[in-house]
Structure formats: structure tokens, C-alpha cells
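Dear colleague,

Please find below the structure that I am handing over to you.

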Amino acid sequence: MFTIQEVIQKIKAVVKRRKTLLIIIPIFFLGLSIAALYVIEPTYESSTTILVEQDEQPLLDVYNLYSMRASYFSRPNALESFNQIIYSRSAMEMLIDSLHLGDSIKTIAQKQSLIGALKNSITTSAAEEANSFEIAFSSSDPVQARDAVALLSQFYIDMRTKVESKQSSETVEFLKTKLAEIEQMVDRQRQEVVNSTTQQIQEVAVNTEVMQNRLENISTRIQDADLAIYQTQARVDILERFLNQPEGSFSMQPLYRLSLSEIPNGEPLTALLSTYDRLSQQYTENYPGLQSTREQIVEVAARIKPAVEANLASLKSQRQDLESERQRIIQKLERSYVATQRSSGDKSNFNIYQELYAAIKKKLEQARINREMGSKTSDQFIVLDPPVISETPASPNKRLVLGAGLGLGLIISCLMVGFAEVMDTTIRSEEDLKLNKPVIAYLKDGRE
């Protein structure tokens with residue numbers, strides 16, 4: 001058995017003999033790590049946070065009947081709706097055009113690849129308690145990363161503003177109609193007092209909480225339908241511009257803005273466009289095969305347009321059905337509200353409708369101001385952390401790379417020292433002799 005002192009002495013002797021390996025190998029791997037830092041292209045990340053402010057709580061619960069956006073951003077799938085806008089093809093097209101990333105794109109495959117790369121560079125998240133969303137973008141160019149985040153945040157705010165502005169106009173028209181109806185009711189109720197029994201109240205009453213949840217759900221579906229109608233209308237406009245091009249300036253570029261995989265007969269058109277791209281790179285416009293392919297593309301596009309228009313009409317019909325359902329729910333909630341007030345016995349129908357009339361009139365004035373000024377919708381979105389140009393790259397991590405290189409060099413140097421010691425046949429002491437013979441004398445090597 002070796003004592004601790006003997007073990008320490010042996011380790012010191014090994015380190016002394018193999019100090020060259022213990023120094024050169026870690027230095028070599030550290031140099032490789034430094035070289036890797038210069039070879040690996042740094043990636044910069046920029047981010048921003050958007051806060052969505054909630055509308056102030058109305059004075060009367062009946063106001064919730066006409067709130068188009070109530071609880072939209074607090075619902076569980078708020079991040080999913082946020083991602084639908086951020087990762088939409090329209091957003092990717094906007095990034096490509098604004099950042100001038102599509103200047104060298106010639107084929108659909110290249111464009112699809114670029115869109116996929118842009119989506120992979122974007123990360124989004126939402127705070128669980130606060131109504132805020134974060135957008136981050138990674139790029140080898142820090143200026144491009146900052147501009148992309150700024151463009152995406154503004155695109156989201158603009159898209160939400162468009163949808164909600166449209167809904168504000170619809171809210172004004174709806175409230176005007178309801179105000180006229182309730183005004184007539186108030187005039188009639190001035191002449192009489194309605195006495196209702198408990199049985200009548202039970203027939204009219206409904207579960208207000210459940211109906212309000214249904215109303216919020218339908219409002220959310222209407223918002224999604226508005227977004228789908230907006231995107232489908234854009235496709236119809238693109239096809240119309242393509243089919244109505246003058247012969248002298250005919251171009252396939254409008255079709256490249258379409259997501260062909262999401263429209264009817266998109267696959268044949270994709271194949272024809274790929275053939276057209278391949279032939280246009282080899283032949284001139286007068287080549288018969290190229291002209292034939294172009295005619296086929298025009299024919300297929302002409303067939304696609306009615307299908308997309310039919311889809312648009314179907315979406316509008318669905319939205320109209322949802323609007324009708326929302327109005328039916330509102331009418332039920334109105335009846336429930338009136339029945340609840342009547343059951344209390346504190347107010348007559350005249351007072352109830354008079355208060356309702358005043359509440360809707362106030363709400364109508366607010367909606368008109370919002371529509372005319374066009375400011376409240378955009379003011380709901382606050383950019384808490386404007387994107388900035390990152391001075392240090394997010395990757396690679398210099399400390400991690402250098403530490404890993406140095407650590408790996410130390411490990412390999414230790415292994416090499418162990419291997420060298422195992423393979424070394426030099427006799428340095430009696431213990432190294434394999435023969436059981438007596439030692440007569442020691443010869444010095446001149447180093448002592």
C-alpha cells in the first residue's frame with residue numbers, strides 16, 4: 001500500500017515528466033476555441049413587449065351586452081390568436097418586402113424556404129397574469145433584428161386596429177338601431193305600468209353568466225371570421241390583378257404572393273409555376289413551351305378565382321349567421337335583465353327602459369367618438385420595451401466556448417498523460433523491475 005505522501009510524490013513526478021503535454025494540449029484546444037469564435041457567425045437578438053390595456057369597466061352591467069372586445073385578450077387562447085397574426089403569411093410578406101429580403105428570389109421554393117426561415121427566427125410569449133405579449137427576432141444582422149421586431153409589432157397593432165375599427169363602426173350602427181327601439185319602448189311605457197307574475201319572470205329569465213360567456217365566444221369567432229375574410233379578399237384581389245394584366249407587361253409576380261397550398265387547385269398551379277420558372281431561365285418568352293405553360297397558368301388561375309370567391313361568400317355568410325346569433329343572445333340578455341329588474345319590485349318597466357335608454361345613449365356617444373377620432377383602439381396597445389440594436393451577440397457564448405475548449409483540452413491532456421505513462425517502459429525504480437533479482441548497484445543518469 002502506498003502512503004499519501006508517496007502518491008503525492010508520484011503525481012508530482014508524472015506532472016514534471018509530462019508537463020509539455022499538460023501545457024501544449026490545453027493551449028491547442030483553447031486556440032481552436034478562439035478560432036471557432038471567429039468562424040462561427042454571431043447571432044443577434046432583439047425583442048419588444050406589447051401591453052394590451054383593458055377597457056374601463058362600464059357603470060352598468062348592461063354595457064357588457066354591447067362590448068365587442070370584452071375579455072378577448074384575457075381568454076386562454078390569446079397567445080394563439082396573437083401568433084396567428086404574427087406568423088401569418090401577410091406578416092412574412094411584409095417582412096420580406098420591408099427588409100428587402102426577396103430581391104434575389106426567383107422561384108416559389110426559394111420564397112417558401114425564406115418564409116420558413118423567418119418563422120424559425122421569431123419567438124413569441126405571453127405573460128400569464130398581465131395582458132402583454134413579447135416578440136423576439138434573431139438574425140446575424142443586429143439592425144435587421146431590431147427592424148424586424150419593430151415591423152412585426154406595428155403590423156400586429158395595425159391589424160388589430162383595422163379589425164376593431166370595423167367592429168366599432170358596426171357597434172355604432174347596432175347601438176343606433178337598439179336606441180331607436182328602446183326609445184319607442186320608453187314612450188309606450190309612459191302610458192302604462194306592466195304587472196308581471198313570478199311565473200312570467202321564470203319563463204323569461206335566463207342564466208346571464210352563461211349567455212354572456214356565449215356572447216364573448218361569438219364575438220371572438222366574429223373577430224376570427226373578419227380576419228379570414230380580410231385574408232381571402234386579399235387573395236381575390238391578387239388573382240384579379242393577375243388576370244387583368246395588360247399583355248405588354250404580363251408578369252407572374254402577383255401569384256408569388258399567394259399561399260397556393262391554402263387555396264383550391266393550388267397544387268396544379270404550383271407545379272405549373274415551377275415549370276414556368278424552369279423554362280423562363282432557359283428560353284425566351286417566344287418559346288412555344290413557355291407560352292403554352294403561361295396559358296395554362298392563366299386558365300388555372302381563372303378557375304381558382306371563382307372558388308376563392310365562393311369561399312369568401314361562405315365566410316361572409318358564416319359571419320352573418322354569427323352576427324344574427326349574437327343579436328339573439330343580446331335580446332335574451334335584455335329580456336333577462338328586464339325580468340330581473342321587474343322581479344325586484346323596486347322599479348317599473350318605465351324606469352328600467354329609461355335607464356337602459358340613457359345607458360345605450362351614453363355608449364353610443366362613446367362609440368361615435370371612438371369611430372370619429374380613431375384613437376382609442378390604437379392607444380390600447382403600448383410598446384413597453386422598444387426594440388434596440390443589440391451590441392453583444394446572443395450566440396455563440398464566448399465564455400462557454402472558451403471554457404469548454406479549455407476543459408476539453410485539460411481532459412484530453414490528462415488522458416494522454418495517462419496513456420503515455422502506461423506505454424512508457426523506462427525503468428526508474430526497483431518497483432519497475434519485473435525480475436525477482438537482487439539489485440547490485442544504481443547508476444546515476446547525470447541529472448541528479
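A residue is called buried when its relative accessible area is under 20%, exposed when that area is over 50%, and partly exposed in between, with a 1.4 Å probe and protein chains only.

The model is predicted, so local features need pLDDT of at least 70 and side-chain atom pairs count only at pLDDT 80 or more, whereas totals for chains, interfaces and linings use all residues. Residues are numbered from 1 along each chain as its sequence is written, and side-chain values use heavy atoms, with hydrogens and water left out.

Overall fold

The chain has 13 helices and four strands; helices (H or I, at least four residues) and strands (E, at least two) are DSSP runs, numbered from the N terminus. A contact means heavy atoms within 4.5 Å. Among the contacts in the chain with a separation of 6 or more, 78% come from residues 24 or more positions apart. A separate pair is I27 and L410, which stand 383 residues apart in sequence and 9.1 Å apart in space, C-alpha to C-alpha. I27 belongs to helix α2 (residues 19–39) and is exposed, with a relative accessible area of 54%.

In helix α3 (residues 78–86), the buried residues are A78, S81, F82, I85 and I86. Viewed down the axis of α3, these buried residues fall within an arc of 140 degrees, so they line one face of the helix; the arc is that of the directions from the helix axis to the C-beta atoms.

Helix α4 (residues 89–98) packs with helix α5 (residues 108–121) at an angle of about 100 degrees, and their axes are 10 Å apart. Axes here are lines fitted to C-alpha atoms, for helices over the stretch in contact, and angles run from 0 to 180 degrees between N-to-C directions. The two helices, α4 and α5, are therefore roughly perpendicular to each other, given that angles under 35 degrees count as roughly parallel, over 145 as roughly antiparallel, 65 to 115 as roughly perpendicular and the rest as oblique. On the α4 side, R89, M92, E93, L95 and I96 meet K111, Q112, L114, I115, L118 and K119 of α5. The residues of this contact divide into six nonpolar, one polar and four charged; Ala, Val, Leu, Ile, Met, Phe, Trp, Tyr, Cys and Pro count as nonpolar, Asp, Glu, Lys and Arg as charged, and the others, Gly among them, as polar.

E93 of helix α4 is buried, with a relative accessible area of 4%. Apart from neighbours within four places in sequence, E93 is in contact with K111, Y256 and R257.

Salt bridges

A salt bridge is a side-chain nitrogen of Lys or Arg within 4 Å of a carboxyl oxygen of Asp or Glu. The structure holds ten of them. One joins E323 to R326, with the closest N and O atoms 2.2 Å apart. Both residues, E323 and R326, are buried, and both lie in helix α10 (residues 288–344), three residues apart, about one turn of the helix. Another joins R328 to E325, at 2.4 Å between the closest N and O atoms. R328 is partly exposed, with a relative accessible area of 43%. Salt bridges that share partners join D226, R319, E323 and R326 into one network.

With kind regards
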